[in-house]
Structure formats: C-alpha cells, structure tokens
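Subject: Structure handover

Hello,

Here is the structure you asked for. Please open it first and then read the notes below.

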Amino acid sequence: LLLFDWFCDWSSLILRYQLTQDEDGLGLTDMRKVIQYLAQKAAQDKVLNIQDWILAQRQKVMSKANLNPALLLEALLVQWASLPAQK
C-alpha cells in the first residue's frame, strides 16, 4: 500500500511540475531530477491515466481483493516505465 502512495505522490509531483515549472514544489531532493526528467518526457494525459490506474489498484488492495502481489508490482512497474515515451 505504501508503494502505491509513493507512486501516486510522484505522479502528482510530475503533473504539478509540468503545469508550474516550480522546482521548489518538488520537495524531495533525491527525486527532483527524476521528477523533472519524467515531467519533460511524459505526456500529461499519460501521467493522469497512470495516476488513475494507481489509485484504482490501491483501492483494490485496500478492499482486500485477492490480488497476486508479484503481478500487481510488475504491472505497476510496466506502467511507470512506459511514462518517458514519445509525447
């Protein structure tokens, strides 16, 4: 569940940076370069779609759905890895 919270927060930071270009709002110094890179390389609609997907999966986990954790993690990472594609 914590993993979904992190990825959701990161997607929100990407969107915020895309819209404002405010580096002060990025907060996390260790993730700043990653967030900036993804914000430059990812289309906003793709980031929004991934954020929606993350929230839906998080809700399934919270509702105690019988999910395969390894497949869920793999799906999350595949979704995230597809972010820096052509806009």
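A helix here is a DSSP run of H or I with at least four residues, a strand is a run of E with at least two, and both are numbered from the N terminus. By that numbering, Gln 21 is in the loop between α1 and α2. Gln 21 has a positive phi of about 55° although it is not a glycine.

Before the rest, a word on the source. The model is predicted, so local features need pLDDT of at least 70 and side-chain atom pairs count only at pLDDT 80 or more, while totals for chains, interfaces and linings use all residues. Residues are numbered from 1 along each chain as its sequence is written, and side-chain values use heavy atoms, with hydrogens and water left out.

Another positive phi

Lys 64, also a residue other than glycine, has a positive phi near 65°. Its place is the loop between α3 and α4. Lys 64 counts as exposed because its relative accessible area is 74%. The cut-offs are these: buried is under 20% relative accessible area, exposed is over 50%, and partly exposed is in between, with a 1.4 Å probe and protein chains only. The accessible areas come from the Shrake-Rupley method with a 1.4 Å probe, and for residues only the protein chains shown count as cover.

Helices α1 and α2

At what angle do α1 and α2 pack? The angle is about 65°, and the axes are 9 Å apart. An axis is a line fitted to C-alpha atoms, for helices over the stretch in contact, and angles run from 0 to 180 degrees between N-to-C directions. The crossing of α1 and α2 is right-handed. On the α1 side, the contact is made by Trp 10, Leu 13, Ile 14, Tyr 17 and Gln 18, and on the α2 side by Ile 35, Gln 36, Leu 38 and Ala 39. Contact means heavy atoms within 4.5 Å. As for handedness, a crossing is right-handed if the near helix is turned clockwise from the far one by less than a right angle, and left-handed if anticlockwise.

Leu 13 is buried because its relative accessible area is 11%. Leaving aside neighbours within four places in sequence, Leu 13 is in contact with Gly 25, Leu 26 and Ile 35. Leu 13 and Ile 35 are 22 residues apart in sequence, yet their C-alpha atoms are 6.9 Å apart in space.

Two glutamines in α3

Gln 51 is in helix α3, which covers residues 44–62. Is Gln 51 buried or exposed? Gln 51 is buried, at 12% relative accessible area. Not counting residues up to four places away in sequence, Gln 51 touches Cys 8, Ser 11, Ser 12 and Leu 15.

Gln 57 is in helix α3 too. With a relative accessible area of 8%, Gln 57 is buried. Beyond four places in sequence, Gln 57 is in contact with Phe 4 and Leu 72.

The salt bridge

Side chains of opposite charge can pair when their charged atoms come close. A salt bridge is counted when a side-chain nitrogen of Lys or Arg is within 4 Å of a carboxyl oxygen of Asp or Glu. How many are there by this rule? The count comes to 1 salt bridge. The side chains of Arg 58 and Asp 5 form a salt bridge, at 2.5 Å from N to O. The pair links distant parts of the chain, with Arg 58 in helix α3 and Asp 5 in helix α1, 53 residues apart. Arg 58 is partly exposed at 22% relative accessibility, and Asp 5 is partly exposed at 25%.

Leu 1 is in the segment before α1 and counts as partly exposed at 46% relative accessibility.

The nonpolar patch

Leu 2, Leu 3, Trp 6, Leu 73 and Leu 77 make a nonpolar surface patch of about 450 Å². Patches are made of residues with over 30% relative accessible area and no salt bridge; like charges are joined within 9 Å, and nonpolar side chains (Val, Leu, Ile, Met, Phe, Trp, Tyr) within 5 Å. Helices α1 (2–20) and α4 (69–81) each supply at least two residues of the patch. Which helix gives the most? That is α1, with 3 residues. Leu 3, in helix α1, is partly exposed at 31% relative accessibility.

Regards
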